[in-house]
Amino acid sequence: MHRFIFRRLLMMIPIVIGVSFLIFIIIDMIPGDPGSNLLGPGARQEDIDMLNEELGYNLPLFQRYGKYVYDALFRLDLGKSYATKKPVVTEIANRLPISLTVAFNAILFSLVFGVPLGVLSAVKQNTIFDRIPTGLALLLAAQPAFLIGLVLMLIFSLRLGWFPANGVASWKSYVMPMIALGLPYGGRQLRFTRSSMLETIRQDYVRTARAKGAAPRLVIWKHAMKNALLPVITVAGNSFGILIGGAIATETLFGLPGLGSFIVAGIKQKDVPVVTGGIIVFAVVFSFVILAVDLSYAFVDPRIRAKYSGRRD
Amino acid sequence: MTDALVFKKESRLKEVVRRLKKDRLAMFGLAVICVMILFALMAGLIVPYDTALKMNLKLKLALPSWAGGPAGYWFGCDGYGRDLFARCLHGSRISLLIGFATSIATLAVGSLLGALVGYVGGKLDDLVMRALDIFSAIPSTLFAMAVVAAMGPGIVNICIAISLTNIPGFVRIVRSSVLNIAEQEYIEAARAGGASILYILVKHVLPNTVGTLIVQTTANVASMILTAATLSFLGLGINPPQPEWGALVSEGKEFLRTAPHLILFPGVMICVASFSMSVLGDGLRDALDPRLRN
Amino acid sequence: MKKVMKKARTALLAALVLAAFVLPATGAEERTLNLSTLAPLTTIDPHATTNIQDIMFHRQIFEPLFFQNEATGKYEPRVAESYTISPDNLTYTFTIRKGAKFHNGEDVKASDVAFSLKRAMNSPKVRSYTASVAEVTQTGDYTVDVKLKQPNAAFLNNQNMILILSQKEVEAQGKEFGTKLTLAGTGPFYLTSLQHDVEWTCAAFKDYYRGEAPIRKLHYVPIAEASAGLIAFESGELDWYIAPIANWSALTANPNYKTELVPANHISYVAVNYEHGPLNDDNIRLAIACAIDKDAMNIACYDGNAVNADFMVPPQNTGAPTKGVVYNYDPEKAKEYVKKSAYPNGTHVGTINCSAGGYFEKMAQVLQSNLADIGLTSDINRLDSATNLDMARNQRYDLLCTGFSPYGDYESIRMYSYTKMKGAYMVKFEGDKFDYRTMDALWDAGIATTDLAEREKIYSELSDWIAKTATLLPIFHKVQPYVWTPDLIVPVNYPNYPQVYEWSWAKK
């Protein structure tokens with residue numbers, strides 16, 4: 001087991017290097033240079049060149065990348081943002097907790113309403129208890145996040161005055177983002193739980209248990225749930241990973257200084273250290289989440305645990 | 001018992017179609033999608049494309065005709081006084097095109113790559129899977145955004161960007177089902193018989209993963225339309241004034257409180273398309289999996 | 001029941017105790033003014049930004065030597081109390097106000113002013129405002145001489161953009177200045193906390209030489225989404241806001257809010273790249289100039305509330321022309337121009353570039369529709385702002401919808417045409433097509449002339465020269481839809497930069 005975890009941690013190194021290289025190349029392909037971008041229209045070429053030189057942007061791509069990797073590996077320095085001149089590491093350290101909080105809340109919310117309704121609609125398949133939640137789930141999953149966010153704001157900030165429309169002043173600020181993100185993901189979670197549950201219910205051993213006369217409720221809770229929830233964990237883990245950096249529209253709308261909007265601003269300004277650093281951190285967090293998901297599998301299923309302890313991943 | 005006997009005599013495809021036909025919700029989804037595609041194909045015959053572009057700023061944000069707006073504008077007008085019905089109708093062409101084209105591109109590239117690495121295994125498998133690990137460690141929206149920013153806007157570039165972010169997941173699905181199938185006896189037999197890799201892949205391996213693929217693809221169509229909408233929201237969608245559902249919704253965002261019909265109609269379109277594709281996908285999955293029959 | 005009563009009583013008591021602590025702090029005097037910007041602060045170093053969102057805030061904590069009032073165009077003394085100009089118009093001698101203090105409590109000295117001006121001269125961001133300065137010398141404890149390379153009629157206007165900093169505070173922070181809390185300003189407010197992407201706060205500076213500001217505390221938050229910002233305002237989270245124009249009529253109709261539309265010091269225009277294809281044909285460019293329906297653009301972008309523009313700067317700018325060559329919407333004339341041109345009806349004139357997210361994409365769509373009306377076709381390329389800017393600079397556009405905030409003088413738009421400003425201009429006049437030397441000479445003459453009437457004449461000529469090329473087409477001056485709570489007294493809403501110092505809370 002320890003060897004398995006160690007191996008997985010080692011594997012993150014090539015992933016991080018690959019991610020940083022890929023991002024470096026893509027950002028380089030975006031037209032323009034940070035100098036002209038930061039100085040805005042009306043700046044002269046000589047000032048732009050001067051700023052680019054100051055930022056080290058006049059060097060060839062590979063030289064810049066080499067320096068970046070060297071600094072990152074040996075000095076744990078991800079560079080400074082071209083735009084704000086602040087160290088990327090501290091900017092990310094400020095933003096990551098917010099992104100993690102938002103993503104965690106949203107996933108929790110999506111599980112709290114997605115899983116029970118999913119189980120319900122699977123158990124009561126083809127009844128009204130199935131149709132209404134699944135229909136609702138499909139409806140929610142088809143809404144762009146910014147739309148749900150705006151509507152929530154109109155209701156809870158403007159009409160009711162329960163939650164602030166903007167900022168991260170208190171726990172209240174996190175409620176609407178949680179719902180705005182959690183609703184569509186909860187819809188997906190519901191559908192996934194339902195189908196996973198249906199599949200498990202029809203497995204032979206559940207049928208056998210039923211045929212042997214076990215109470216239906218017992219069968220569902222004891223046998224089916226455990227197995228049906230395994231894929232649900234994966235989906236939740238994946239969604240959590242996606243949400244850390246992918247909640248861009250919601251972050252922008254609610255004024256949450258998270259990782260996603262940080263990287264988007266970086267892409268728009270060709271701020272290479274911001275984009276590369278941000279996405280590296282995202283990749284690392286994502287890898288840890290996936291590892292945690294895999295480990296939770298092992299925790300639930302002894303067969304998988306045996307496999308991890310064995311020769312291969 | 002007799003049912004089971006009949007099944008065996010029928011071919012697999014017929015069996016699937018028969019089961020799908022019994023699923024009323026899935027058939028409804030299929031019908032809606034077909035109607036939508038038909039309307040998209042004939043959009044030019046119903047309302048000329050020029051109508052979707054014709055501005056009349058006197059009609060800015062006009063209400064739908066049935067809600068007291070000017071006659072002839074069933075969905076009202078947008079922020080430029082353009083006919084919203086014509087824009088939604090012609091928007092379906094681009095939205096459905098993005099949805100289907102990207103799904104099919106993902107399906108083609110993802111399944112071939114997945115089947116290949118799953119079947120060949122060894123170093124190639126390791127190499128490709130590690131490369132895909134890199135791709136999937138990058139948040140998909142951000143990746144698509146960066147790719148579009150680098151390549152410039154336009155339908156083709158947007159399709160490429162969206163497809164790229166979805167291929168890794170597809171490869172994994174196909175690879176794992178190929179790994180399952182490849183261990184089965186008849187494949188071993190074909191291999192022993194000296195058949196080429198490509199032949200075995202196309203003839204034996206791919207047909208057996210077809211179920212998983214179809215389900216995943218139908219689910220993808222809806223999510224791809226939504227991804228395009230998100231890109232539009234971030235200002236990286238297709239170029240105006242071409243109508244696309246996602247772009248129409250994000251254009252309407254600023255008028256949410258003053259003229260909600262601008263979001264309502266394209267929003268409903270996205271909902272209906274995504275709902276139909278999802279129920280169709282669910283139905284197909286049930287129909288393809290014999291274990292799931294009632 | 002008794003228990004419940006007891007609990008309620010305890011709660012009431014607790015609330016009263018709490019209120020006793022909290023209430024005095026929220027009394028009318030000490031009430032915090034809540035404001036927002038559209039973007040996080042990029043820096044608090046005023047020499048390191050030209051971003052309008054940054055400047056809106058910087059102007060509350062930093063000041064120039066002389067402040068140009070945006071509404072009147074007049075100069076008001078700030079850090080300097082007076083200035084003299086040498087007879088050859090080359091040396092400005094500023095006398096620093098005795099009693100002006102930095103937020104750290106120290107007096108403003110001539111050395112600080114010299115330091116600030118020299119610092120600006122070396123900063124790529126604001127260097128252009130000091131381009132005419134040869135050297136800055138401290139001639140006494142409270143006097144500074146600024147020597148110019150050549151006479152510059154816009155020098156006072158330029159120095160308005162350079163804010164004065166404390167040498168000691170800036171040097172103490174070194175390279176980190178701009179990223180941390182600072183007391184380097186002289187303005188009516190000083191920073192009390194700073195999280196540049198979450199919130200930042202200010203307090204009134206007690207030793208401010210014009211007297212302590214009536215509003216004692218400011219709280220800023222960045223809100224990128226205008227619709228979200230409006231909801232924050234309506235929910236009471238903000239006291240003053242630049243509202244989205246789409247909601248304007250609902251806001252003006254609401255008796256709970258005060259509203260005012262103020263034309264911004266801004267110009268939205270269409271740039272035409274005359275070097276590309278059909279656009280090289282004078283008649284095609286004239287046709288485009290006459291085809292543009294400024295009213296339609298105004299309605300699409302600002303519900304008709306913007307001010308249609310005849311010239312490239314709003315009238316309150318020094319030297320702004322009042323009459324001259326102007327193109328107005330005349331589709332018939334435009335069609336005649338197309339007929340006179342070497343190109344047939346249905347000619348594709350190229351791609352209209354615009355940045356995504358703002359109203360420029362609306363301008364582009366109306367332009368495309370206007371061109372279609374006179375039989376010219378075009379495409380639209382909507383780009384993120386960085387790419388858009390890069391393509392414009394490198395002359396990789398055919399038509400461009402964009403905008404710009406002048407800073408108080410016609411001279412501000414020199415950068416868009418002067419051929420020696422490589423990289424800055426949108427239209428590259430240098431070449432065989434136009435007599436660009438005449439234009440360059442007019443720019444040089446305009447700045448060298450100190451007599452205002454004479455300057456205005458030169459700029460009228462310049463404006464006509466540019467208009468006749470039909471390459472820079474002014475469309476409208478946008479408006480600022482200001483909305484604020486009636487608790488707040490705002491004597492004047494300025495075109496671009498609010499002066500919070502003048503505001504106060506209404507007496508109840």
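This is a short tour of a predicted model, stop by stop.

**Before you start**

Residues are numbered from 1 along each chain as its sequence is written, and chains are lettered from A and ligands numbered from 1 in the order in which they are written. In this predicted model, local features need pLDDT of at least 70 and side-chain atom pairs count only at pLDDT 80 or more, while totals for chains, interfaces and linings use all residues; side-chain values use heavy atoms, with hydrogens and water left out.

**Stop 1: chain B as a whole**

Select chain B. Its secondary structure comes to 13 helices and zero strands. Helices here are DSSP runs of H or I with at least four residues, strands are runs of E with at least two, and both are numbered from the N terminus. Orient along the principal axes: the C-alpha atoms fill a box of roughly 75 × 50 × 30 Å. Of the 294 residues in chain B, 56% are buried. Buried means under 20% relative accessible area, exposed over 50%, and partly exposed in between, with a 1.4 Å probe and protein chains only. Now take chain B contacts between residues at least 6 apart in sequence: 71% join residues at least 24 apart. A contact means heavy atoms within 4.5 Å.

**Stop 2: A131(B)**

Go to helix α7 of chain B, residues 122-136, and pick A131(B). A131(B) is partly exposed, because its relative accessible area is 36%. Draw a C-alpha to C-alpha distance to G194(B): 31 Å in space, 63 residues in sequence.

**Stop 3**

Next, select H261(B) in helix α13 of chain B. Its relative accessibility is 7%, so H261(B) counts as buried. Leaving out residues up to four places away in sequence, H261(B) touches L61(B), A62(B), L63(B), P64(B), F75(B), G76(B), C77(B), L84(B) and P266(B).

Step back to L256(B), in the loop between α12 (245-252) and α13 (261-288) of chain B. L256(B) is buried too, at 14% relative accessible area.

**Stop 4: the nonpolar cores**

In soluble globular proteins, nonpolar side chains tend to be buried together. The largest nonpolar core in this model has 191 residues. Such a core is a set of buried Ala, Val, Leu, Ile, Met, Phe, Trp, Tyr and Cys residues joined through side-chain atoms within 4.5 Å. Select I267(A), V270(C) and M363(C), which have the most contacts inside the largest core. Then colour helix α13 of chain A, residues 272-300: it gives the largest share of this core, 13 residues. Domain 1 (1-61 + 187-264 + 480-508) and domain 3 (267-477) of chain C each supply at least three residues. These domain bounds come from an automatic or database domain assignment.

Zoom in on I267(A). Beyond four places in sequence, I267(A) touches I27(A), I30(A), V275(A), L142(B), M145(B), A146(B) and A149(B). Then switch to a second, separate core of 100 residues, which includes F57(C), V144(C), Y220(C) and L472(C).

**Stop 5: the largest cavity**

The whole structure holds seven cavities of 30 Å³ or more. A cavity is a set of points on a 1 Å grid over the protein atoms alone where a 1.4 Å probe fits but cannot get out; lining residues have an atom within 4 Å of a point. Grid points are joined across faces, edges and corners, and a volume is the space filled by probe spheres set on the points. The largest cavity has a volume of about 170 Å³. Of its 17 lining residues, select those closest to the centre: D310(C), Y327(C), L472(C), L473(C) and P474(C). Colour β18(C) next, the source of the largest share of the lining, four residues. By class, the lining has 14 nonpolar, one polar and two charged residues. Ala, Val, Leu, Ile, Met, Phe, Trp, Tyr, Cys and Pro count as nonpolar, Asp, Glu, Lys and Arg as charged, and the others, Gly among them, as polar.

Conventions: 1 Å grid on protein atoms, 1.4 Å probe; cavity = no way out; pocket = protein on both sides within 12 Å on 5 of 7 lines; lining within 4 Å.
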